[in-house]
Amino acid sequence: MLGIFWSGEEHVKKENVSNKEQKIKELEKWLGIYKGQLETSQKETDICRNKIDRFQKETDYMKNMIYEMQVELDGIHRSASWRLMAPFRKCAGVYRILKDPRLLIIKLRNMKYISAIKYLIPKKVRMKIVKRYFEAYGTSFQPANTAQEDEMFQLLNQFEQELKDGQKLLLVFSGVKYVDSEGQRSIRLIHEARKTGIGIVFAYWRWNTVEEIEPSEDGLAKIPMDLLDKNKVSFFETYFKTVKNKCLLVEFPHPCAVQVIEIANSFGWKTIYDVIDDWEEFARFGQAQWYKKKAERRIANIVDANVATAKVLKEKIEKDLILEKPFHLISNGVDTDRMKCVKKLDSYDYTKGKLQIGYFGHLTDAWFDWKLIIKLAGKHPEWTFHIIGYGEPKKIRVPENVILYGKKRPEELPKYAAFWDISIIPFLNHELTRAVNPIKVFEYLQLRLPVVATYMPEIEGYPYVDVTKTEEEFEHAIRSCQKLHMDEQIVQEFIEHNTWKQKCTEMMEYIDSLQKLAPFSQFQ
(Lines give C-alpha, C1' and ligand atoms only; values in the text may rest on other atoms or scores of the structure.)
Protein backbone atom coordinates (compact mmCIF):
# COMPACT_ATOMS: atom_id res chain seq x y z
CA MET A 1 0.00 0.00 0.00
CA LEU A 2 2.82 2.36 0.82
CA GLY A 3 4.44 1.65 -2.56
CA ILE A 4 1.19 2.41 -4.36
CA PHE A 5 0.85 5.64 -2.38
CA TRP A 6 4.37 6.79 -3.29
CA SER A 7 3.93 5.81 -6.95
CA GLY A 8 0.65 7.77 -7.11
CA GLU A 9 2.26 10.78 -5.54
CA GLU A 10 5.16 10.54 -7.99
CA HIS A 11 2.69 10.43 -10.89
CA VAL A 12 0.98 13.59 -9.59
CA LYS A 13 4.33 15.34 -9.25
CA LYS A 14 5.31 14.40 -12.82
CA GLU A 15 1.98 15.63 -14.09
CA ASN A 16 2.45 18.93 -12.25
CA VAL A 17 5.96 19.27 -13.68
CA SER A 18 4.65 18.54 -17.18
CA ASN A 19 1.91 21.15 -16.81
CA LYS A 20 4.41 23.71 -15.58
CA GLU A 21 6.79 22.93 -18.47
CA GLN A 22 3.92 23.36 -20.90
CA LYS A 23 2.99 26.67 -19.31
CA ILE A 24 6.64 27.76 -19.47
CA LYS A 25 6.74 26.93 -23.20
CA GLU A 26 3.52 28.80 -23.76
CA LEU A 27 4.83 31.80 -21.83
CA GLU A 28 8.10 31.70 -23.80
CA LYS A 29 6.09 31.59 -27.01
CA TRP A 30 4.10 34.68 -26.03
CA LEU A 31 7.25 36.33 -24.76
CA GLY A 32 8.82 35.83 -28.21
CA ILE A 33 5.74 37.24 -29.90
CA TYR A 34 5.72 40.30 -27.65
CA LYS A 35 9.46 40.81 -28.18
CA GLY A 36 8.93 40.66 -31.97
CA GLN A 37 6.08 43.14 -31.72
CA LEU A 38 8.22 45.37 -29.53
CA GLU A 39 11.12 45.26 -32.02
CA THR A 40 8.73 45.96 -34.92
CA SER A 41 7.21 48.87 -33.01
CA GLN A 42 10.68 50.14 -32.22
CA LYS A 43 11.66 49.99 -35.92
CA GLU A 44 8.46 51.74 -36.94
CA THR A 45 9.11 54.37 -34.29
CA ASP A 46 12.66 54.90 -35.62
CA ILE A 47 11.34 55.14 -39.21
CA CYS A 48 8.72 57.69 -38.14
CA ARG A 49 11.36 59.67 -36.27
CA ASN A 50 13.59 59.66 -39.37
CA LYS A 51 10.68 60.81 -41.53
CA ILE A 52 9.76 63.54 -39.06
CA ASP A 53 13.41 64.61 -38.95
CA ARG A 54 13.56 64.74 -42.72
CA PHE A 55 10.33 66.69 -43.03
CA GLN A 56 11.60 69.11 -40.40
CA LYS A 57 14.82 69.61 -42.34
CA GLU A 58 12.92 70.13 -45.59
CA THR A 59 10.63 72.61 -43.85
CA ASP A 60 13.66 74.47 -42.50
CA TYR A 61 15.20 74.45 -45.97
CA MET A 62 12.05 75.89 -47.57
CA LYS A 63 11.81 78.55 -44.85
CA ASN A 64 15.44 79.44 -45.50
CA MET A 65 14.79 79.71 -49.27
CA ILE A 66 11.73 81.93 -48.65
CA TYR A 67 13.74 84.09 -46.26
CA GLU A 68 16.57 84.48 -48.79
CA MET A 69 14.15 85.45 -51.57
CA GLN A 70 12.32 87.86 -49.26
CA VAL A 71 15.61 89.52 -48.28
CA GLU A 72 16.58 89.83 -51.93
CA LEU A 73 13.15 91.22 -52.85
CA ASP A 74 13.25 93.73 -49.97
CA GLY A 75 16.68 94.83 -51.10
CA ILE A 76 15.40 95.48 -54.62
CA HIS A 77 12.37 97.41 -53.36
CA ARG A 78 14.53 99.55 -51.07
CA SER A 79 17.07 100.37 -53.73
CA ALA A 80 17.25 103.88 -55.15
CA SER A 81 17.00 102.61 -58.73
CA TRP A 82 13.70 100.82 -57.96
CA ARG A 83 12.17 103.99 -56.46
CA LEU A 84 13.46 106.21 -59.26
CA MET A 85 12.10 103.92 -61.98
CA ALA A 86 8.61 103.53 -60.42
CA PRO A 87 6.91 106.19 -62.64
CA PHE A 88 8.48 104.69 -65.74
CA ARG A 89 7.24 101.19 -64.84
CA LYS A 90 3.67 102.46 -64.57
CA CYS A 91 3.92 104.32 -67.88
CA ALA A 92 5.50 101.26 -69.49
CA GLY A 93 2.58 99.07 -68.31
CA VAL A 94 -0.01 101.43 -69.79
CA TYR A 95 1.99 101.72 -73.01
CA ARG A 96 2.22 97.93 -73.38
CA ILE A 97 -1.55 97.53 -72.97
CA LEU A 98 -2.24 100.28 -75.51
CA LYS A 99 0.23 98.75 -77.92
CA ASP A 100 -0.98 95.16 -77.46
CA PRO A 101 -4.67 94.73 -76.42
CA ARG A 102 -3.98 91.05 -75.67
CA LEU A 103 -2.44 92.06 -72.35
CA LEU A 104 -5.67 93.78 -71.31
CA ILE A 105 -7.70 90.74 -72.38
CA ILE A 106 -5.44 88.42 -70.37
CA LYS A 107 -5.65 90.66 -67.30
CA LEU A 108 -9.45 90.73 -67.52
CA ARG A 109 -9.61 86.97 -67.95
CA ASN A 110 -7.46 86.37 -64.88
CA MET A 111 -9.51 88.62 -62.59
CA LYS A 112 -11.26 86.74 -59.79
CA TYR A 113 -14.78 87.96 -60.54
CA ILE A 114 -14.71 87.11 -64.28
CA SER A 115 -15.31 83.38 -63.67
CA ALA A 116 -18.24 84.23 -61.37
CA ILE A 117 -20.08 86.68 -63.64
CA LYS A 118 -19.37 85.22 -67.07
CA TYR A 119 -22.26 82.73 -66.76
CA LEU A 120 -24.68 85.58 -66.02
CA ILE A 121 -24.16 86.74 -69.60
CA PRO A 122 -26.45 84.98 -72.15
CA LYS A 123 -24.68 82.12 -73.89
CA LYS A 124 -24.95 83.58 -77.39
CA VAL A 125 -23.54 86.92 -76.25
CA ARG A 126 -20.80 85.15 -74.24
CA MET A 127 -19.74 83.02 -77.22
CA LYS A 128 -19.57 86.12 -79.44
CA ILE A 129 -17.35 87.86 -76.91
CA VAL A 130 -15.09 84.81 -76.63
CA LYS A 131 -14.86 84.43 -80.39
CA ARG A 132 -14.36 88.14 -81.02
CA TYR A 133 -11.80 88.90 -78.33
CA PHE A 134 -10.43 85.90 -76.44
CA GLU A 135 -10.02 83.43 -79.32
CA ALA A 136 -8.82 86.21 -81.62
CA TYR A 137 -5.87 86.79 -79.31
CA GLY A 138 -5.25 83.15 -78.45
CA THR A 139 -6.53 83.51 -74.89
CA SER A 140 -9.52 81.17 -74.84
CA PHE A 141 -10.73 79.93 -71.44
CA GLN A 142 -9.84 76.26 -72.05
CA PRO A 143 -7.13 75.94 -74.69
CA ALA A 144 -7.10 72.50 -76.32
CA ASN A 145 -4.03 70.23 -76.40
CA THR A 146 -1.81 70.70 -79.41
CA ALA A 147 -1.21 67.89 -81.89
CA GLN A 148 2.23 67.29 -80.36
CA GLU A 149 0.79 66.93 -76.87
CA ASP A 150 -1.74 64.39 -78.15
CA GLU A 151 1.08 62.53 -79.87
CA MET A 152 3.12 62.49 -76.65
CA PHE A 153 0.18 61.15 -74.61
CA GLN A 154 -0.43 58.39 -77.17
CA LEU A 155 3.25 57.51 -77.11
CA LEU A 156 3.28 57.29 -73.31
CA ASN A 157 0.08 55.20 -73.26
CA GLN A 158 1.61 52.71 -75.66
CA PHE A 159 4.92 52.67 -73.80
CA GLU A 160 3.20 52.07 -70.44
CA GLN A 161 1.21 49.16 -71.86
CA GLU A 162 4.40 47.54 -73.13
CA LEU A 163 6.07 47.66 -69.70
CA LYS A 164 6.21 44.28 -67.99
CA ASP A 165 5.31 43.59 -64.36
CA GLY A 166 8.24 44.33 -62.08
CA GLN A 167 10.20 46.12 -64.82
CA LYS A 168 12.37 49.03 -63.70
CA LEU A 169 11.75 52.49 -65.14
CA LEU A 170 14.18 55.37 -65.61
CA LEU A 171 13.10 58.89 -66.57
CA VAL A 172 16.15 60.82 -67.84
CA PHE A 173 16.18 64.63 -67.98
CA SER A 174 18.87 65.35 -70.59
CA GLY A 175 20.24 68.39 -72.38
CA VAL A 176 20.92 66.51 -75.64
CA LYS A 177 18.93 64.43 -78.08
CA TYR A 178 19.29 60.66 -78.07
CA VAL A 179 21.87 59.80 -80.71
CA ASP A 180 23.30 56.37 -79.99
CA SER A 181 26.50 57.04 -81.93
CA GLU A 182 27.37 60.06 -79.78
CA GLY A 183 29.45 59.75 -76.63
CA GLN A 184 27.44 61.74 -74.08
CA ARG A 185 27.29 60.24 -70.60
CA SER A 186 23.50 59.91 -70.33
CA ILE A 187 23.23 58.27 -73.74
CA ARG A 188 25.94 55.71 -72.99
CA LEU A 189 24.36 54.87 -69.62
CA ILE A 190 20.93 54.49 -71.26
CA HIS A 191 22.43 52.31 -74.00
CA GLU A 192 23.73 49.90 -71.37
CA ALA A 193 20.57 50.11 -69.21
CA ARG A 194 18.40 49.10 -72.15
CA LYS A 195 20.44 45.91 -72.54
CA THR A 196 19.39 44.89 -69.01
CA GLY A 197 15.68 45.40 -69.74
CA ILE A 198 15.19 48.72 -67.96
CA GLY A 199 12.44 50.88 -69.47
CA ILE A 200 13.60 54.39 -70.42
CA VAL A 201 11.65 57.62 -70.85
CA PHE A 202 14.09 60.11 -72.35
CA ALA A 203 13.16 63.80 -71.95
CA TYR A 204 15.41 65.78 -74.28
CA TRP A 205 16.07 69.46 -74.89
CA ARG A 206 15.11 71.00 -78.22
CA TRP A 207 15.77 74.55 -79.36
CA ASN A 208 12.70 74.77 -81.58
CA THR A 209 9.31 73.65 -80.23
CA VAL A 210 8.05 73.17 -83.80
CA GLU A 211 10.38 70.21 -84.30
CA GLU A 212 8.68 66.84 -84.62
CA ILE A 213 8.89 64.45 -81.67
CA GLU A 214 11.76 62.00 -82.01
CA PRO A 215 10.58 58.48 -82.95
CA SER A 216 10.63 55.98 -80.09
CA GLU A 217 12.59 52.74 -80.03
CA ASP A 218 12.12 49.40 -78.35
CA GLY A 219 12.04 50.07 -74.60
CA LEU A 220 12.80 53.76 -75.13
CA ALA A 221 10.22 56.57 -75.28
CA LYS A 222 11.51 60.00 -76.33
CA ILE A 223 9.59 63.14 -75.34
CA PRO A 224 10.58 66.81 -75.64
CA MET A 225 11.44 68.45 -72.35
CA ASP A 226 9.21 71.47 -73.03
CA LEU A 227 6.14 69.22 -73.42
CA LEU A 228 7.00 67.33 -70.24
CA ASP A 229 7.37 70.63 -68.37
CA LYS A 230 4.03 71.88 -69.69
CA ASN A 231 2.22 68.65 -68.75
CA LYS A 232 4.30 67.62 -65.72
CA VAL A 233 1.35 67.23 -63.34
CA SER A 234 -0.62 65.13 -65.85
CA PHE A 235 2.47 63.02 -66.55
CA PHE A 236 3.02 61.97 -62.93
CA GLU A 237 -0.68 61.75 -62.06
CA THR A 238 -1.58 59.58 -65.05
CA TYR A 239 1.38 57.40 -66.01
CA PHE A 240 3.49 54.71 -64.33
CA LYS A 241 1.63 54.85 -61.00
CA THR A 242 1.76 51.04 -60.67
CA VAL A 243 5.51 50.85 -61.38
CA LYS A 244 7.25 50.30 -58.03
CA ASN A 245 10.91 50.73 -59.00
CA LYS A 246 11.12 54.05 -60.83
CA CYS A 247 13.68 56.83 -60.79
CA LEU A 248 14.08 60.34 -62.22
CA LEU A 249 17.69 61.00 -63.24
CA VAL A 250 18.43 64.69 -63.91
CA GLU A 251 21.71 65.56 -65.61
CA PHE A 252 20.49 68.86 -67.10
CA PRO A 253 19.82 71.35 -64.25
CA HIS A 254 17.51 73.60 -66.25
CA PRO A 255 15.27 75.74 -63.99
CA CYS A 256 12.18 73.87 -65.23
CA ALA A 257 13.59 70.70 -63.64
CA VAL A 258 12.88 72.03 -60.14
CA GLN A 259 9.10 71.60 -60.24
CA VAL A 260 9.43 68.32 -62.15
CA ILE A 261 11.56 66.92 -59.30
CA GLU A 262 9.18 68.21 -56.63
CA ILE A 263 6.20 66.56 -58.33
CA ALA A 264 8.15 63.33 -58.90
CA ASN A 265 9.03 63.25 -55.19
CA SER A 266 5.36 63.61 -54.22
CA PHE A 267 4.45 60.62 -56.41
CA GLY A 268 7.07 58.31 -54.92
CA TRP A 269 9.76 58.48 -57.62
CA LYS A 270 13.37 58.21 -56.54
CA THR A 271 15.22 61.33 -57.70
CA ILE A 272 18.91 61.81 -58.48
CA TYR A 273 20.90 64.79 -59.75
CA ASP A 274 23.87 63.63 -61.85
CA VAL A 275 26.45 66.44 -61.81
CA ILE A 276 28.37 65.99 -65.06
CA ASP A 277 29.84 69.49 -65.54
CA ASP A 278 30.49 72.78 -63.81
CA TRP A 279 27.47 74.50 -65.34
CA GLU A 280 28.17 77.76 -63.55
CA GLU A 281 31.51 78.05 -65.33
CA PHE A 282 29.91 77.09 -68.65
CA ALA A 283 27.49 79.99 -68.17
CA ARG A 284 30.37 82.38 -67.53
CA PHE A 285 31.86 81.37 -70.88
CA GLY A 286 28.51 81.89 -72.61
CA GLN A 287 27.93 78.17 -73.19
CA ALA A 288 24.85 77.70 -70.96
CA GLN A 289 22.77 80.88 -70.99
CA TRP A 290 19.78 79.04 -69.47
CA TYR A 291 21.71 78.33 -66.24
CA LYS A 292 20.53 79.72 -62.88
CA LYS A 293 22.66 79.13 -59.80
CA LYS A 294 19.65 79.13 -57.46
CA ALA A 295 17.90 76.50 -59.59
CA GLU A 296 20.86 74.09 -59.45
CA ARG A 297 21.23 74.71 -55.72
CA ARG A 298 17.60 73.87 -55.14
CA ILE A 299 17.75 70.79 -57.37
CA ALA A 300 20.69 69.42 -55.37
CA ASN A 301 18.73 69.92 -52.12
CA ILE A 302 15.37 68.43 -53.13
CA VAL A 303 16.57 65.22 -54.83
CA ASP A 304 17.02 62.03 -52.81
CA ALA A 305 20.70 61.78 -53.72
CA ASN A 306 23.43 63.39 -55.82
CA VAL A 307 26.00 61.80 -58.11
CA ALA A 308 29.09 63.52 -59.55
CA THR A 309 31.69 62.61 -62.16
CA ALA A 310 34.54 64.39 -60.35
CA LYS A 311 35.61 65.20 -56.80
CA VAL A 312 35.78 68.92 -57.62
CA LEU A 313 32.12 68.88 -58.68
CA LYS A 314 31.14 66.92 -55.57
CA GLU A 315 32.90 69.38 -53.27
CA LYS A 316 31.32 72.37 -55.03
CA ILE A 317 27.76 71.02 -54.83
CA GLU A 318 28.20 69.88 -51.21
CA LYS A 319 28.90 73.48 -50.18
CA ASP A 320 25.37 74.39 -51.29
CA LEU A 321 23.63 71.50 -49.53
CA ILE A 322 21.48 72.59 -46.61
CA LEU A 323 20.08 69.09 -46.04
CA GLU A 324 22.20 65.99 -45.57
CA LYS A 325 22.08 64.03 -48.82
CA PRO A 326 23.77 60.83 -50.01
CA PHE A 327 26.50 61.71 -52.51
CA HIS A 328 28.30 59.24 -54.74
CA LEU A 329 31.15 59.51 -57.25
CA ILE A 330 30.68 57.69 -60.57
CA SER A 331 33.27 58.63 -63.17
CA ASN A 332 32.82 58.39 -66.93
CA GLY A 333 33.66 55.30 -68.94
CA VAL A 334 34.40 53.86 -72.36
CA ASP A 335 32.54 51.83 -74.96
CA THR A 336 35.04 49.06 -75.69
CA ASP A 337 33.04 47.71 -78.64
CA ARG A 338 33.07 51.04 -80.43
CA MET A 339 36.68 51.89 -79.58
CA LYS A 340 38.42 48.88 -81.10
CA CYS A 341 41.92 49.27 -82.46
CA VAL A 342 42.31 49.00 -86.23
CA LYS A 343 45.32 49.38 -88.50
CA LYS A 344 43.88 50.39 -91.86
CA LEU A 345 42.77 53.72 -93.25
CA ASP A 346 43.89 54.23 -96.85
CA SER A 347 42.97 57.90 -97.17
CA TYR A 348 44.78 58.92 -93.99
CA ASP A 349 48.24 60.41 -94.50
CA TYR A 350 50.08 59.51 -91.30
CA THR A 351 53.62 59.70 -92.74
CA LYS A 352 54.15 63.38 -91.92
CA GLY A 353 56.53 64.09 -89.09
CA LYS A 354 58.56 61.86 -86.81
CA LEU A 355 56.02 61.98 -83.98
CA GLN A 356 52.27 61.65 -84.49
CA ILE A 357 50.26 63.50 -81.81
CA GLY A 358 46.47 63.27 -81.84
CA TYR A 359 43.35 64.77 -80.29
CA PHE A 360 39.62 64.30 -80.84
CA GLY A 361 36.82 66.26 -79.20
CA HIS A 362 35.29 69.73 -79.08
CA LEU A 363 37.58 72.59 -80.14
CA THR A 364 36.00 75.71 -78.68
CA ASP A 365 38.50 78.29 -77.49
CA ALA A 366 36.56 78.43 -74.21
CA TRP A 367 38.62 75.45 -73.02
CA PHE A 368 40.85 74.19 -75.89
CA ASP A 369 44.32 75.76 -75.60
CA TRP A 370 45.02 76.78 -79.20
CA LYS A 371 47.96 78.96 -78.21
CA LEU A 372 49.73 75.97 -76.66
CA ILE A 373 49.28 73.81 -79.78
CA ILE A 374 50.36 76.56 -82.18
CA LYS A 375 53.42 77.33 -80.04
CA LEU A 376 54.51 73.68 -79.80
CA ALA A 377 53.89 73.09 -83.53
CA GLY A 378 56.04 76.10 -84.41
CA LYS A 379 58.78 75.02 -82.03
CA HIS A 380 58.78 71.39 -83.25
CA PRO A 381 58.18 71.17 -87.02
CA GLU A 382 59.13 67.47 -86.81
CA TRP A 383 55.96 66.80 -84.79
CA THR A 384 52.58 66.44 -86.49
CA PHE A 385 49.38 67.33 -84.62
CA HIS A 386 46.24 65.55 -85.85
CA ILE A 387 43.19 67.47 -84.56
CA ILE A 388 39.74 65.91 -85.03
CA GLY A 389 36.62 67.77 -83.95
CA TYR A 390 34.47 70.83 -84.48
CA GLY A 391 33.88 74.23 -82.92
CA GLU A 392 37.28 75.76 -83.61
CA PRO A 393 37.44 79.59 -83.91
CA LYS A 394 36.52 80.78 -87.40
CA LYS A 395 39.66 82.85 -87.95
CA ILE A 396 42.11 80.34 -86.49
CA ARG A 397 45.42 79.98 -88.36
CA VAL A 398 47.64 77.01 -87.63
CA PRO A 399 51.12 75.88 -88.84
CA GLU A 400 51.40 73.29 -91.62
CA ASN A 401 52.14 70.50 -89.17
CA VAL A 402 48.75 70.97 -87.48
CA ILE A 403 46.11 69.09 -89.51
CA LEU A 404 42.43 69.88 -88.89
CA TYR A 405 40.19 67.01 -89.98
CA GLY A 406 36.82 68.39 -88.88
CA LYS A 407 34.18 66.28 -87.19
CA LYS A 408 34.31 62.51 -87.70
CA ARG A 409 31.87 59.79 -86.71
CA PRO A 410 32.77 58.06 -83.44
CA GLU A 411 33.26 54.70 -85.15
CA GLU A 412 35.90 56.31 -87.43
CA LEU A 413 38.07 57.61 -84.60
CA PRO A 414 39.97 54.34 -83.96
CA LYS A 415 41.03 54.28 -87.63
CA TYR A 416 42.72 57.65 -87.33
CA ALA A 417 44.12 57.07 -83.85
CA ALA A 418 45.64 53.74 -84.89
CA PHE A 419 48.66 55.60 -86.33
CA TRP A 420 49.15 58.08 -83.49
CA ASP A 421 52.06 57.77 -81.10
CA ILE A 422 50.67 59.99 -78.35
CA SER A 423 47.26 61.45 -77.46
CA ILE A 424 46.78 64.84 -75.82
CA ILE A 425 44.14 66.80 -73.90
CA PRO A 426 45.32 70.45 -74.16
CA PHE A 427 42.71 72.28 -72.10
CA LEU A 428 43.06 75.74 -70.61
CA ASN A 429 43.72 75.81 -66.89
CA HIS A 430 40.65 77.35 -65.24
CA GLU A 431 37.65 76.40 -63.07
CA LEU A 432 35.74 74.84 -65.96
CA THR A 433 38.45 72.36 -67.00
CA ARG A 434 39.56 71.56 -63.44
CA ALA A 435 36.13 69.97 -62.82
CA VAL A 436 36.27 67.78 -65.93
CA ASN A 437 36.41 63.99 -66.04
CA PRO A 438 36.89 63.69 -69.83
CA ILE A 439 35.47 60.65 -71.56
CA LYS A 440 38.25 60.84 -74.14
CA VAL A 441 40.91 59.85 -71.59
CA PHE A 442 39.27 56.41 -71.24
CA GLU A 443 38.94 56.14 -75.02
CA TYR A 444 42.61 57.02 -75.54
CA LEU A 445 43.67 54.30 -73.11
CA GLN A 446 41.32 51.81 -74.77
CA LEU A 447 43.18 52.60 -78.00
CA ARG A 448 46.45 51.97 -76.12
CA LEU A 449 47.70 55.54 -76.41
CA PRO A 450 49.64 57.28 -73.64
CA VAL A 451 47.97 60.54 -72.62
CA VAL A 452 49.51 63.94 -71.98
CA ALA A 453 47.03 66.38 -70.42
CA THR A 454 47.01 69.82 -68.92
CA TYR A 455 45.99 70.18 -65.28
CA MET A 456 42.85 68.17 -64.49
CA PRO A 457 42.91 66.82 -60.91
CA GLU A 458 40.32 64.11 -61.56
CA ILE A 459 42.53 62.10 -63.95
CA GLU A 460 45.69 62.28 -61.85
CA GLY A 461 46.74 58.75 -60.97
CA TYR A 462 45.24 57.13 -64.06
CA PRO A 463 47.76 54.72 -65.65
CA TYR A 464 49.87 56.21 -68.45
CA VAL A 465 48.24 59.62 -68.05
CA ASP A 466 50.70 62.47 -67.45
CA VAL A 467 48.97 65.51 -65.95
CA THR A 468 51.00 68.72 -66.36
CA LYS A 469 50.68 72.24 -64.96
CA THR A 470 52.88 74.32 -67.28
CA GLU A 471 53.73 74.52 -70.99
CA GLU A 472 57.23 73.28 -70.26
CA GLU A 473 55.89 70.23 -68.40
CA PHE A 474 53.46 69.52 -71.25
CA GLU A 475 56.29 69.63 -73.82
CA HIS A 476 58.58 67.49 -71.65
CA ALA A 477 55.82 64.89 -71.12
CA ILE A 478 55.38 64.54 -74.90
CA ARG A 479 59.11 63.92 -75.28
CA SER A 480 59.07 61.34 -72.47
CA CYS A 481 56.15 59.42 -74.00
CA GLN A 482 58.16 58.64 -77.14
CA LYS A 483 60.04 55.90 -75.31
CA LEU A 484 57.15 54.77 -73.11
CA HIS A 485 56.13 51.11 -73.14
CA MET A 486 52.58 50.43 -71.91
CA ASP A 487 51.95 47.32 -69.81
CA GLU A 488 48.95 45.59 -71.43
CA GLN A 489 47.74 44.00 -68.20
CA ILE A 490 47.67 47.31 -66.29
CA VAL A 491 45.75 49.09 -69.05
CA GLN A 492 43.29 46.22 -69.51
CA GLU A 493 42.48 46.05 -65.79
CA PHE A 494 41.86 49.80 -65.75
CA ILE A 495 39.57 49.62 -68.78
CA GLU A 496 37.58 46.69 -67.35
CA HIS A 497 36.78 48.77 -64.26
CA ASN A 498 35.76 51.76 -66.36
CA THR A 499 33.48 50.46 -69.10
CA TRP A 500 30.04 52.04 -69.55
CA LYS A 501 28.56 48.69 -68.66
CA GLN A 502 30.35 48.81 -65.30
CA LYS A 503 29.28 52.44 -64.73
CA CYS A 504 25.67 51.60 -65.56
CA THR A 505 25.73 48.69 -63.10
CA GLU A 506 27.19 50.99 -60.44
CA MET A 507 24.49 53.61 -61.08
CA MET A 508 21.63 51.09 -60.98
CA GLU A 509 22.94 49.50 -57.76
CA TYR A 510 23.17 52.95 -56.20
CA ILE A 511 19.58 53.72 -57.22
CA ASP A 512 18.39 50.39 -55.77
CA SER A 513 20.16 51.15 -52.48
CA LEU A 514 18.29 54.43 -51.98
CA GLN A 515 15.45 54.36 -49.46
CA LYS A 516 12.61 56.49 -50.78
CA LEU A 517 10.53 57.98 -47.98
CA ALA A 518 6.77 58.19 -48.41
CA PRO A 519 5.49 61.59 -49.57
CA PHE A 520 4.39 63.98 -46.82
CA SER A 521 0.77 63.90 -48.04
CA GLN A 522 0.40 60.32 -46.76
CA PHE A 523 0.99 61.46 -43.16
CA GLN A 524 -1.57 64.26 -43.16
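The model is predicted, so local features need pLDDT of at least 70 and side-chain atom pairs count only at pLDDT 80 or more, while totals for chains, interfaces and linings use all residues. Residues are numbered from 1 along each chain as its sequence is written, and side-chain values use heavy atoms, with hydrogens and water left out.

## Salt bridges

A search of the whole structure gives 27 salt bridges; the term stands for a side-chain nitrogen of Lys or Arg within 4 Å of a carboxyl oxygen of Asp or Glu.

Helices (H or I, at least four residues) and strands (E, at least two) are DSSP runs, numbered from the N terminus. Glutamate 214 has a relative accessible area of 22% and is partly exposed; lysine 177, at 28%, is partly exposed. The classes are buried (under 20% relative accessible area), exposed (over 50%) and partly exposed (in between), with a 1.4 Å probe and protein chains only.

Arginine 185 belongs to helix α8 and aspartate 274 to strand β5 (residues 270–275), and the pair links parts of the chain 89 residues apart. Arginine 185 is buried because its relative accessible area is 5%, and aspartate 274 counts as buried at 1%.

Elsewhere, a network of salt bridges links Asp278, Glu280, Glu281, Arg284, Lys293, Lys316 and Asp320.

## The largest pocket

The largest pocket has a volume of about 1800 Å³. A pocket is found on a 1 Å grid over the protein atoms alone, as an open set of points where a 1.4 Å probe fits, with protein on both sides within 12 Å along at least five of seven lines; lining residues have an atom within 4 Å of a point. Grid points are joined across faces, edges and corners, and the volume is the space filled by probe spheres set on the points.

The lining consists of 47 residues, and Val176, Gln184, His362, Trp367 and Tyr390 lie nearest the centre of the pocket. At least two lining residues come from each of α8, α12 (279–284), α17 (431–434) and α18 (439–446). Helix α18 gives the most, with three residues. By residue class, the lining divides into 21 nonpolar, 14 polar and twelve charged residues. Here Ala, Val, Leu, Ile, Met, Phe, Trp, Tyr, Cys and Pro count as nonpolar, Asp, Glu, Lys and Arg as charged, and the others, Gly among them, as polar.

## Aromatic pairs

The structure holds 27 aromatic pairs. Rings of Phe, Tyr and Trp (its six-membered ring) pair if their centres lie within 6.5 Å; planes under 30 degrees apart count as stacked, over 60 as edge-to-face and the rest as tilted. Tyrosine 462 and phenylalanine 494 form a tilted pair, because their ring centres are 5.0 Å apart and their planes stand at 55 degrees. Tyrosine 462 is in the loop between β12 (451–453) and β13 (465–467) and phenylalanine 494 in helix α20, 32 residues apart. Both residues are buried.

A cluster joined by ring pairs contains Trp205, Trp207, Phe252, Trp279, Phe282, Trp290, Tyr291 and Trp367. Trp367 is also among the residues nearest the centre of the largest pocket.

Valine 491 is in helix α20 (residues 488–496) and counts as buried at 2% relative accessibility. Leaving out residues up to four places away in sequence, valine 491 touches Leu445, Arg448, Tyr464 and Met486, where contact means heavy atoms within 4.5 Å. Arginine 448, one of the contacts of valine 491, has a positive phi of about 60 degrees although it is not a glycine. Arginine 448 lies in the loop between α18 and β12 and counts as partly exposed at 23% relative accessibility. Phenylalanine 240 has a positive phi near 60 degrees. Phenylalanine 240 is in the loop between α10 (232–238) and β4 (246–250) and is buried, with a relative accessible area of 0%.
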